Amino acid sequence: AHGGNADFRGRNGQLYNFFSAPGLSVNVKTEDARFLLNGDQLTVEGSFITEAHLMARVGSRKTVKFAKASVWASQLNEDNWGWEVVNG
């Protein structure tokens with residue numbers, strides 16, 4: 001937003017609360033990775049978000065319910081999509 005940028009490096013295999021607001025929580029898992037950029041001239045040792053888990057309060061105040069959904073990158077195919085990626 002407004003030309004800014006951000007970078008996040010998580011610890012391997014750790015879960016982080018990425019976003020939290022009243023009635024909503026998003027948690028992510030990071031895993032370390034080494035990859036090449038710039039025509040294989042630059043080696044980057046970083047991390048990727050490999051899981052995302054969402055929990056949201058839905059319904060009225062009288063009938064509070066929770067919706068949950070999770071996404072695992074390991075369930076994606078070589079084209080980065082999959083039929084069983086999201087549950088909840």
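## A guided tour, starting from a loop

Select N80 in the loop between β4 (65-72) and β5 (86-87). You are looking at a predicted model. The phi angle of N80 is positive, about 65°, although N80 is not a glycine. Is N80 buried or exposed? N80 has 59% relative accessibility, so N80 counts as exposed.

**Next stop: N38**

Now select N38. This residue sits in the loop between β2 (24-37) and β3 (42-58). Phi of N38 is near 55°, again a positive value in a residue other than glycine. N38 is exposed, because its relative accessible area of 57% is over the 50% cut-off.

**Next stop: the aromatic rings**

Go to F8. You will find F8 in the segment before β1 (15-21). How many aromatic pairs does the model have? The count comes to three. One of the pairs is F8 with Y16, in an edge-to-face arrangement. Their centres are 5.2 Å apart, and the planes stand at 85°. F8 has a relative accessible area of 35%, so F8 is partly exposed. Y16 is partly exposed too, with 25%.

Keep F8 selected and turn to F18. The ring centres of F8 and F18 are 5.6 Å apart. Their planes meet at 75°, so this pair is edge-to-face. The pair links distant parts of the chain: F8 lies in the segment before β1 and F18 in strand β1, 10 residues apart. F18 counts as partly exposed, at 44% relative accessibility. Now view the three rings together. Ring pairs join F8, Y16 and F18 into a cluster.

**Next stop: a nonpolar patch**

Switch to a surface view. Which residues make the nonpolar surface patch here? F8, F18, F19 and I49 make it, and the patch covers about 370 Å².

**Next stop: the salt bridges**

How many salt bridges are there? The count is three. Visit them one at a time.

Select D32 and R9. Their side chains meet in a salt bridge, at 3.7 Å from N to O. D32 lies in strand β2 and R9 in the segment before β1, so this bridge ties together parts 23 residues apart in sequence. D32 has 42% relative accessibility, so D32 counts as partly exposed.

Move to K29 and E51. This salt bridge also has an N to O distance of 3.7 Å. What does the pair tie together? K29 is in strand β2 and E51 is in strand β3, so the pair ties together parts that are 22 residues apart in sequence. Compare how open the two partners are. K29 is partly exposed, at 21% relative accessibility. E51 is buried, with a relative accessible area of 16%.

Finish with R34 and E45. Their side chains meet in a salt bridge at 2.9 Å, N to O. R34 belongs to strand β2 and E45 to strand β3, and the two residues are 11 apart. Are they buried or exposed? Both R34 and E45 are exposed.

**Look back**

Definitions and conventions:
Residues are numbered from 1 along each chain as its sequence is written. This is a predicted model: local features need pLDDT of at least 70, side-chain atom pairs count only at pLDDT 80 or more; totals for chains, interfaces and linings use all residues. Side-chain values use heavy atoms; hydrogens and water are left out. Patches are made of residues with over 30% relative accessible area and no salt bridge: like charges are joined within 9 Å, nonpolar side chains (Val, Leu, Ile, Met, Phe, Trp, Tyr) within 5 Å. Accessible areas come from the Shrake-Rupley method with a 1.4 Å probe; for residues, only the protein chains shown count as cover. A salt bridge is a side-chain nitrogen of Lys or Arg within 4 Å of a carboxyl oxygen of Asp or Glu. Helices (H or I, at least four residues) and strands (E, at least two) are DSSP runs, numbered from the N terminus. Buried means under 20% relative accessible area, exposed over 50%, partly exposed in between (1.4 Å probe, protein chains only). Rings of Phe, Tyr and Trp (its six-membered ring) pair if their centres lie within 6.5 Å; planes under 30 degrees apart count as stacked, over 60 as edge-to-face and the rest as tilted.
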